Amino acid sequence: MHFRKEKFVNRGGPDGGDGGRGGDIVFSVNPNMNTLFKFQHNRSYVAEDGKGGGSSNKTGRSADALVIDVPPGTIIHEKESDRVLADLTQLGQTVVLCKGGRGGRGNARFANSRHQAPRMAERGEPGQELKLRLELKLIADVGIIGMPNAGKSSLLAAVTNAKPKIADYPFTTLVPNLGVAVLDEEVSLVLADIPGLIEGAHRGVGLGDTFLRHVQRTKVLIHVLDGNSQDALADFSQINTELSLFDPKLGQKPQIVVLNKMDLPDMEEKYQDLTKKFKKINIPLMSCSTLQKKNLTEILWKAYELLKAIPAEEAGEELPLYTAEVDERAFSIEKKEENFIVHGVAIERAAAMTYWDNYESIRRFQRILQALGITEALRGQGVEEGDTVEIGDFELSWTEEFDSYE
Ligand SMILES: Nc1nc2c(ncn2[C@@H]2O[C@H](COP(=O)(O)OP(=O)(O)OP(=O)(O)O)[C@@H](O)[C@H]2O)c(=O)[nH]1
Ligand SMILES: [Mg+2]
């Protein structure tokens with residue numbers, strides 16, 4: 001609230017400017033991220049307030065949006081209802097999840113012909129608040145699956161720019177890794193190394209179902225068999241059982257089955273033998289050595305061939321997005337012991353924007369109560385002088401007194 005001060009002008013007009021907007025909270029896809037780890041440490045995000053308005057009708061500066069980077073494939077759920085609010089799949093995609101509040105209006109804006117010197121202003125509108133659950137389902141054309149130690153990460157490292165950890169023990173890889181394989185000038189594939197698939201994974205054994213969800217968004221699978229295994233066919237069916245138990249659709253994704261570590265001794269014999277066994281279940285078996293980089297391009301081209309054969313609409317998992325449609329003017333009144341509690345978007349916002357130590361502000365709030373029909377409704381429920389009425393964070397004492405004015 002401010003009034004013009006000029007030389008020789010006794011009482012200038014109102015010239016208090018509006019406050020600036022509060023910052024929005026925006027989620028943005030960052031292609032360099034592939035985990036949600038940072039959210040384990042940082043769980044609360046608050047955008048900045050707008051700056052206050054000034055004299056001479058100066059509007060306060062609006063705050064910049066707070067941008068939160070997430071990896072591609074992040075699904076944002078509202079925590080309580082678990083509704084999907086956003087599905088961030090595209091590079092560069094952004095979504096505004098919380099709108100900053102608009103700045104409160106300065107007293108200049110409340111002036112009219114009847115009321116030329118308003119001694120009131122408005123507080124800023126409260127920003128939106130949300131509790132969210134973030135889920136990551138990586139977006140990759142090709143998922144690399146197989147038993148621990150089969151050579152999944154070695155394959156990813158051999159054909160892409162990715163540098164996953166590789167070691168001779170199961171469960172080396174603790175997060176799914178992504179990489180891009182360039183086949184030729186026109187064709188490249190995004191591959192995801194999906195670790196942790198063992199018996200019971202679908203119900204959370206080992207690294208379990210945290211990674212199975214990533215398979216849902218791949219279109220083709222490369223199933224790596226460990227050349228060191230005693231029974232690669234049994235390994236193969238175990239992994240597929242886990243996939244199907246988690247989601248029957250996963251078991252039906254096209255797979256390329258590859259026997260890895262062909263550089264080891266006696267592998268040719270083993271390969272011939274397994275080829276026959278797989279032929280009985282109608283599965284062609286390919287072979288490779290990631291160590292010697294043998295046969296890897298053939299596998300990638302095969303993956304590309306299968307990928308092309310998938311109709312576009314089948315490929316992606318479509319999520320129904322929820323968008324809120326609330327009637328802001330709607331309200332409800334709850335009676336709690338002696339108190340009346342008023343719920344409603346518009347009225348709670350008006351309460352938060354009122355300066356309670358300012359008479360004119362309070363008058364204005366009362367007019368809003370009246371306009372929304374809340375005054376009548378409260379009277380209908382028997383509200384009396386001195387009763388407590390709760391609106392948002394505020395406890396107000398009911399009075400009919402002001403109505404005799406004006
Ligand atoms: N001889 C030979 N060893 C290989 C080959 N490919 C991978 N290995 C070895 O097998 C071991 C496991 O390889 P990784 O790529 O870490 O296997 P992984 O499937 O990613 O294993 P997890 O991440 O633990 O599930 C490592 O010691 C690799 O060096 C290969 O073609 N030949
Ligand atoms: Mg690995």
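Predicted model: local features only at pLDDT ≥ 70, side-chain atom pairs only at ≥ 80, totals over all residues.
Axes are lines fitted to C-alpha atoms, for helices over the stretch in contact, and angles run from 0 to 180 degrees between N-to-C directions. In it, the axes of helix H4 (residues 232-246) and helix H6 (residues 267-280) come within 10 Å. They cross at roughly 40°. H4 and H6 are therefore oblique to each other. On the H4 side, the contact is made by Ala 232, Leu 233 and Phe 236. On the H6 side, Leu 274, Lys 277 and Phe 278 take part. By class, this contact of H4 with H6 has 5 nonpolar residues, no polar residues and 1 charged residue.

The axes of helix H9 (residues 345-352) and helix H10 (residues 359-371) come within 10 Å and cross at roughly 175°. That crossing makes H9 roughly antiparallel to H10, because angles over 145 degrees count as roughly antiparallel. Ile 347, Ala 350 and Ala 351 of H9 meet Phe 365, Ile 368 and Leu 369 of H10. The contact of H9 with H10 has 6 nonpolar residues, with no polar and no charged ones.

The domain assignment divides the protein into three parts. Domain 1 covers 1-136 + 318-325, domain 2 covers 142-315 and domain 3 covers 332-404. The centres of domain 2 and domain 3, taken over C-alpha atoms, are separated by 64 Å.

Helix H2 (residues 152-159) is mostly covered, with 7 of its 8 residues buried. The buried residues are Lys 152, Ser 153, Ser 154, Leu 155, Leu 156, Ala 158 and Val 159.

Nonpolar cores were considered next. The largest nonpolar core holds 26 residues. Of these, Val 159, Leu 189, Leu 191, Ile 222, Ile 256 and Ile 299 touch the most other members. Two or more residues are given to this core by each of E7, H2, E9, E10, strand E11 (255-259) and H7. H7 supplies the largest share, 5 residues. Not counting residues up to four places away in sequence, Ile 222 touches Val 142, Gly 143, Ile 144, Ile 145, Leu 155, Leu 191, Ile 256, Val 258 and Ile 299. A second, separate core has 17 residues, including Ile 347, Leu 372, Ile 374 and Leu 378. Ile 347 is also one of the H9 residues that meet H10.

Pro 71 lies in the loop between strand E2 (66-70) and strand E3 (74-78). Its relative accessibility is 0%, so Pro 71 counts as buried. The C-alpha atoms of Pro 71 and Tyr 304 are separated by 24 Å, and the two residues are 233 residues apart along the chain.

Met 33 is placed in the loop between strand E1 (25-29) and helix H1 (38-41). Met 33 has a relative accessible area of 16% and is buried, because the cut-off for buried is under 20%. Leaving aside neighbours within four places in sequence, Met 33 is in contact with Lys 38, Asp 69, Val 70, Pro 71 and Pro 72. The C-alpha atoms of Met 33 and Leu 174, 141 residues apart along the chain, are separated by 15 Å.

Key. Residues numbered from 1 in each chain as written. Chains lettered and ligands numbered in written order. Heavy atoms only, no water. Buried < 20%, exposed > 50% of the residue type's maximum accessible area, 1.4 Å probe, protein only. Helix = DSSP H or I, 4+ residues; strand = E, 2+ residues; numbered from the N terminus. Domains from an automatic or database assignment. Parallel < 35°, antiparallel > 145°, perpendicular 65-115°, else oblique. Contact = heavy atoms within 4.5 Å. Nonpolar A, V, L, I, M, F, W, Y, C, P; charged D, E, K, R; others polar. Core = buried A, V, L, I, M, F, W, Y, C linked by side-chain atoms within 4.5 Å.
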